[in-house]
Amino acid sequence: ELYFKNLSKQKQKEVMEKNRNNHKLRVCVATCNRADYSKLAPIMFGIKSEPQFFELDVVVLGSHLIDDYGNTYRMIEQDDFDIHTRLHTIVRGEDEAAMVESVGLALVKLPDVLNRLKPDIMIVHGDRFDALALATSAALMNIRILHIEGGEVSGTIDDSIRHAITKLAHYHVCCTRSAEQHLIAMCEDHDRILLAGCPSYDKLLSAKNKDYMSIIHMWLGEDVKPRDYIVALQHPVTTDIKHSIKMFELTLDALISFNKRTLVLFPNVDAGSKEMVRVMRKKGIEHHPNFRAVKHVPFDQFIQLVAHAGCMIGNSSCGVREVGAFGTPVINLGTRQTGRETGENVLHVRDADTQDKILHALQLQFGKQYPCSKIYGDGNAVPRILKFLKSIDLKEPLQKKFCFPPVKDNISQDIDHILETQSALAVDLGGTNLRVAIVSMKGEIVQKYTQLNPKTYEDRLELILKMCVEAASEAVNLNCRILGVGISTGGRVNPREGIVLHSTKLIQEWSSVDLRTPISDALHLPVWVDNDGNCAALAERKFGHGKGVENFVTLITGTGIGGGIIHQHELIHGSSFCAAELGHIVVSLDGPECLCGSQGCIEAYASGIALQREAKKLHDEDLLLVEGMSMKEEAVSAAHLIQAAKLGNTKAESILRTAGTALGLGVVNILHTMNPSLVILSGVLASHYVNAVKDVIQRQALSSVKTVDVVVSNLADPALLGAASLVLDYTTRRIY
């Protein structure tokens with residue numbers, strides 16, 4: 001791998017040297033609308049800053065030149081770019097036929113422009129119908145095409161257009177690892193794919209700390225405060241125009257009812273936009289005191305507005321892509337962005353078919369603050385793209401080569417050709433030990449670190465941060481890309497806020513603790529937190545017996561008794577995050593006292609602590625040891641009770657039988673309540689209880705649930721794997 005990496009770097013240097021000695025690369029950048037210019041502008045600035053390597057020609061077409069959409073070509077002039085050609089290519093009508101005619105008009109006008117410019121390469125962005133005309137013209141005129149943001153998945157006709165441009169393009173710049181894998185699966189040559197990140201992130205990640213109050217006041221009014229307004233941006237869905245117009249009407253009704261100052265941007269030029277504008281005017285949005293309706297906001301100012309908004313709502317790709325960089329809450333309506341990778345800040349309302357549903361989503365999201373997401377970039381896309389452009393050898397044959405299956409597995413083609421493994425940092429907070437692990441997407445524990453869990457809050461948090469920082473640094477050496485941090489801890493947890501509400505007695509000074517904020521701030525990564533029982537269930541769902549099972553329950557049998565419930569493939573948290581406290585199901589009204597303060601809980605019979613208590617009683621009465629057992633100075637434990645039972649100690653056997661019966665009765669109650677198809681016993685005591693649980697089910701359960709499968713977990717480390725799955729599966733990404 002190192003040999004080929006060095007060989008590739010050497011080849012790239014040779015090509016760059018060749019190009020330097022020959023002539024400047026003539027690059028044509030064609031921009032069609034305000035959205036694609038926000039992605040292309042950083043590249044254009046980069047090209048302009050290196051005149052010794054590049055000549056830049058700018059072609060403007062599409063909605064840039066229409067007054068109803070803000071005459072946005074002016075912002076290109078304000079950025080001090082010389083516009084070589086303006087092409088009026090939009091046929092008005094804003095319906096399906098007008099879109100087709102606009103593509104045809106662009107195809108008629110573009111050949112003359114390209115003949116005059118004779119570019120070496122044309123940069124085309126995204127998935128708009130204008131971009132399809134650009135790519136078609138350039139491909140037929142033997143001009144190399146560099147496509148930005150190929151390989152992504154979303155809804156509507158955009159998917160088809162994006163993939164069509166991919167097949168026409170010679171070079172590809174993608175934003176995410178998934179997009180890169182999609183391009184490879186589409187038989188594109190992996191040597192011509194660059195994983196760079198989104199160019200707009202180069203500006204986004206340095207924008208939030210700039211002055212923003214004057215911008216907020218200019219667009220929304222002097223009385224508006226940060227985090228107390230909404231940005232709304234909704235476009236028509238070309239494959240279902242009628243429904244998208246109805247959804248827009250419901251959205252406006254919900255925003256009117258929500259009664260917060262709202263900046264509404266006009267929709268794009270797609271079919272259906274004219275009807276959406278009519279809806280705005282019918283409801284008086286342009287004159288409503290709570291609304292500001294605008295055709296265009298300059299991108300620099302738009303960044304500040306969404307960065308400090310209380311919420312963004314609509315179906316724009318900006319909401320699921322760029323806004324994640326600030327952790328601003330987003331409500332994504334409908335199917336236009338279905339398939340996009342999103343951060344934790346996005347709440348999906350797939351069927352936005354009632355005003356109440358949208359209003360409830362606003363109530364859930366408004367004013368929250370989420371961890372910043374870097375799914376789409378790290379702020380260094382433009383330098384990578386410029387380096388990629390310099391490496392293009394114009395003497396290579398123009399004809400595209402397709403890499404048909406079999407496709408190389410896990411090929412990464414970022415600027416340094418580094419192969420990385422997508423991984424998570426998993427943290428397990430136990431009563432005795434604190435463990436941190438690097439876990440791969442396949443559930444392999446690449447590296448594990450263990451320390452004793454400190455007794456105080458300050459020491460514990462300091463150690464968590466120290467271990468996570470060290471593990472994240474080591475991940476670079478291990479060629480692992482850390483996507484986020486997942487934390488498994490005992491007690492009651494609010495996973496939405498990342499806060500430990502109440503801890504178990506095994507972990508001291510661990511109530512009302514915000515784990516997400518300090519760890520996210522220190523590592524600049526998203527952080528998820530959940531209860532250890534829930535994490536065990538998630539581990540089974542992703543890596544264990546629960547994979548593909550719609551309804552199952554996991555029971556942890558260890559120091560205490562815990563668990564997690566998966567219902568219709570989703571984890572159940574409950575209204576106060578107290579669901580699946582399975583250890584505290586009461587199976588006897590006059591049973592032994594539990595650590596929770598109640599009596600007769602499963603945990604009071606079947607936990608490791610309970611067995612240790614009974615073992616000590618037997619030992620104090622000299623009834624524990626039998627022939628074949630010996631104890632020196634070690635403390636009496638549950639293990640001694642189990643060993644005694646195996647060697648024929650009838651008292652120990654009776655205690656274990658009672659414990660197994662109590663656990664079995666608890667499982668029967670679960671079966672009668674949840675009716676799962678599978679029960680998974682996890683933890684060190686699982687194998688000792690499984691037969692007893694099955695026997696109780698056959699004796700006590702209703703006949704309709706007796707067929708349930710009861711199995712012992714085959715996962716060696718469910719707590720760490722569950723914490724990792726929080727990250728790897730984005731399990732806190734909610735679908736509403």
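Predicted model: local features only at pLDDT ≥ 70, side-chain atom pairs only at ≥ 80, totals over all residues.

Trainee: How many salt bridges does the model hold?

Mentor: A pair counts when a side-chain nitrogen of Lys or Arg lies within 4 Å of a carboxyl oxygen of Asp or Glu. By this rule, the count of salt bridges is 37.

Trainee: With which residue does Lys-48 form a salt bridge?

Mentor: Lys-48 belongs to helix H2 (residues 34–48), and its partner stands 32 residues apart, in the loop between helix H3 (73–78) and strand S3 (83–87). The closest N and O atoms are 3.7 Å apart, and the partner is Asp-80.

Trainee: Are Asp-158 and Arg-336, which meet in a salt bridge, buried or exposed?

Mentor: Their side chains meet at 3.9 Å, N to O. The pair links distant parts of the chain, with Asp-158 in helix H6 (residues 158–168) and Arg-336 in the loop between strand S12 (330–333) and strand S13 (346–349). Residues under 20% relative accessible area count as buried. Asp-158 and Arg-336 are both buried.

Trainee: In which helix does Glu-275 lie?

Mentor: Glu-275 forms a negative surface patch with Asp-95, Glu-96 and Glu-101. Such a patch takes residues with over 30% relative accessible area and no salt bridge; Glu-275 has 31% and is therefore partly exposed. Its helix, spanning residues 273–282, is H11.

Key. Residues numbered from 1 in each chain as written. Heavy atoms only, no water. Patch = residues over 30% accessible without salt bridge, like charges linked within 9 Å, V, L, I, M, F, W, Y side chains within 5 Å. Areas by Shrake-Rupley, 256 points an atom, 1.4 Å probe, with all protein chains shown as cover. Lys, Arg positive; Asp, Glu negative; His and termini not counted. Charge placed at Lys NZ, Arg CZ, Asp CG, Glu CD. Helix = DSSP H or I, 4+ residues; strand = E, 2+ residues; numbered from the N terminus. Buried < 20%, exposed > 50% of the residue type's maximum accessible area, 1.4 Å probe, protein only.
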